[in-house]
Amino acid sequence: MNPSVTVVVPAMNEADNLPHVFATLPTWIDEVVLVDGNSTDETVAVARRLRPGLRVVTQTRRGKGNALIEGFAAATGDIIVMIDADGSTDGHEIAAFVEELESGADFAKGSRYLPGGGSDDISPLRSLGNRTLTALTNLLYGTRYTDLCYGYNAFWAKHLDTLALDCDGFEIETLMNVRAARAGLSIAEVPSHERLRIHGESNLHAVRDGWRVLRTILRERVRTTAAPQAELALAD
């Protein structure tokens, strides 16, 4: 039996982008969960018109991380895929992510830097920051990631408890990547091409969100080294 697949789409005021985004989703997707960040446009109405049977979750707090966490909690599929509502992530690529999971990976993460990947959107400053943060993560955690700060990921839903996600902002992708590695999950990178946002403006702020990512990397490293000490103390 093929695993069921849920696509989680966080969205706030993305009514103009959703027709394009939903048109790229494979017909075999079992479930789409739209997490609405209290939009003031017709995001929810447009989504429901485009996707009969759509599940809508109204976000209770703020931030992309919180939206994804609430969407993950509502998902019922065996596999969860996270994509953006601005048109930057291509739903046609979902098949490649699912294929990696069905081939044995626990977690599949998109990479714009692998052969076959790329970006129409990332600036030189953001690219430099991402490569620096990726290198730091690889050094601290022994990973071989090529693209740390990218929000196109898929994973088996059974690993949600292991990831134990607990952040509200754009650093959610970094937290997922770090905790997946810490937990010893089998991780596969998938070439992905990032498109330009179709309509509207991004809420991403390179410097502010870069600092949040850096703090997440360092904080998780402290937790990694502190945990064995705590276990030893309990054993004594």
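In this predicted model, Glu189 is buried, at a relative accessible area of 19%. That value falls under the 20% limit for burial. The side chain of Glu189 meets that of Lys109 in a salt bridge, 3.1 Å from N to O. Glu189 belongs to strand β8 (residues 187–191) and Lys109 to strand β5 (residues 107–111), so the contact ties together parts 80 residues apart in sequence. Lys109 is likewise buried, with a relative accessible area of 0%.

The structure holds 16 salt bridges. Another of them joins Arg61 to Asp168, with the closest N and O atoms 2.6 Å apart. This pair links distant parts of the chain, 107 residues apart: Arg61 sits in the loop between β3 (55–58) and α3 (64–74), Asp168 in the loop between α6 and α7. Asp168 is partly exposed, at 25% relative accessible area.

A salt bridge also forms between the side chains of Arg212 and Glu171 (3.1 Å, N to O). Arg212 lies in helix α8 (residues 206–235), and Glu171 in the loop between α6 and α7, 41 residues apart. Arg212 is partly exposed, at 28%, whereas Glu171 is buried, at 6%. Shared partners join Asp166, Arg179, Arg182, Arg219 and Glu220 into one salt-bridge network.

Backbone geometry was also examined. Ala164 has a positive phi of about 45 degrees, although it is not a glycine. Ala164 occupies the loop between α6 (160–163) and α7 (172–182). Its relative accessible area is 41%, so Ala164 is partly exposed. Asn13, in the loop between β1 (5–11) and α1 (18–23), has a positive phi near 55 degrees. Asn13 is partly exposed, at 36%.

Definitions and conventions: Residues are numbered from 1 along each chain as its sequence is written. This is a predicted model: local features need pLDDT of at least 70, side-chain atom pairs count only at pLDDT 80 or more; totals for chains, interfaces and linings use all residues. Side-chain values use heavy atoms; hydrogens and water are left out. Helices (H or I, at least four residues) and strands (E, at least two) are DSSP runs, numbered from the N terminus. Buried means under 20% relative accessible area, exposed over 50%, partly exposed in between (1.4 Å probe, protein chains only). A salt bridge is a side-chain nitrogen of Lys or Arg within 4 Å of a carboxyl oxygen of Asp or Glu.
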